[in-house]
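A short briefing, grouped by topic, will do.

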Amino acid sequence: MVPVLGVGVFVWAMAGWWPMHGHWLPENINAHGGVIDSLFMFILVLTGIIFVATTGAMFWFMWRYDAAKNPEPVSFTHGSHTLEVVWSILPAATLVFIAIYQMNAWADAKMRRPKLATGEIKPPLAEVTGRQFEWRIRYAGEDGIVGTPDDVQLANDLHLPVNEEIVLAIKSADVLHSFFLPNLRVKQDVVPGMKQFVWFLPTKTGVYDIVCAELCGWGHYKMRGRLTIEPREKFDAWLKQRYAEQNQAAFTASTGEAE
Ligand SMILES: [Cu+2]
């Protein structure tokens, strides 16, 4: 009953029948996310059909050749050479097909970083550093460069403008984490000592989740951030405000005065 129930619940959730609506993939808000979803569904349906077929065949053989109904013990045979060749070539060909079929999607998501109008590769808007157990976020300050003393620094609160190609730099300060934006179909391991880039094009404003998808220690479960997608003007105003607050705090700390 376990595989039958498993497959049943799966199909139920995928179809979104009551009360499973919205329990499958979260809403996609990335202009480039559709291709990821269709690849995911294609591979899922393909492996699902193979799973049902092989499990069904296994149960049929168990029932058909049940020891109680077949008192005659089986004699050893080498089996079928042709059948072995067929069941080796078919999965190999399927895997090669998937590898070639997804190549363009992989290149778009991982290799072809968006370019500026000038033809140069687009610099990151912000840098996100995973550490046990939070996401540290740095925006470029007035100099426009991330990694200088005037950066705006925040934790677990990432704001981005809508309808623009976004590039983020991601790093780790300690162990392996995985930067996961479910609604944007972005998931990338962050590896200590490596600076990587992710990109996407958010198409809908709202507040979404940032989660860590790598078991990174005891506090992994709480390594959750908030992603706010908003119109460009709101984003600019928000960043300016954070910048002013940060400078005010630094000024207060150095002089001991609030004003
Ligand atoms: Cu983590």
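Strand 2 (residues 134–139) and strand 3 (residues 152–155) run antiparallel and are joined by four bridges. This is a predicted model, in which local features need pLDDT of at least 70 and side-chain atom pairs count only at pLDDT 80 or more, while totals for chains, interfaces and linings use all residues. Residues are numbered from 1 along each chain as its sequence is written. Strands (E, at least two residues) and helices (H or I, at least four) are DSSP runs numbered from the N terminus, and two strands pair if DSSP finds at least two bridges between them.

- Two residues lie between strand 1 and strand 2, and the two strands form a hairpin.

- An open sheet with mixed pairing is formed by five strands in the order 4-10-9-6-7.
- Strand 4 (157–161) and strand 7 (186–190) are at the edges; each has a single partner strand, so one side of each has no neighbour in the sheet.
- Strand 6 (residues 177–181) pairs with strand 7 over five bridges in the antiparallel sense.
- Phe179 stands opposite Gln188 in strand 7.

**Domains**
- The domain assignment gives domain 1 as 2–111 and domain 2 as 126–255; such bounds come from an automatic or database assignment.
- The centres of domain 1 and domain 2, taken over C-alpha atoms, are separated by 37 Å.
- Nine residues of domain 2 are in contact with 10 residues of domain 1, where contact is a distance within 7 Å between C-beta atoms placed from the backbone.
- The side of domain 1 that touches domain 2 has four nonpolar, four polar and two charged residues. Nonpolar covers Ala, Val, Leu, Ile, Met, Phe, Trp, Tyr, Cys and Pro; charged covers Asp, Glu, Lys and Arg; the others, Gly among them, are polar.

**Leu25**
- Leu25 lies in the loop between helix 1 (2–15) and helix 2 (33–64).
- Why is Leu25 classed as partly exposed? Leu25 has 16 other C-beta atoms within 10 Å, and the class lies between buried (20 or more) and exposed (12 or fewer), with C-beta atoms placed from the backbone.
- Leu25 and Val152 are 127 residues apart in sequence, and their C-alpha atoms are 33 Å apart in space.

Technical notes
Contact = placed C-beta atoms within 7 Å.
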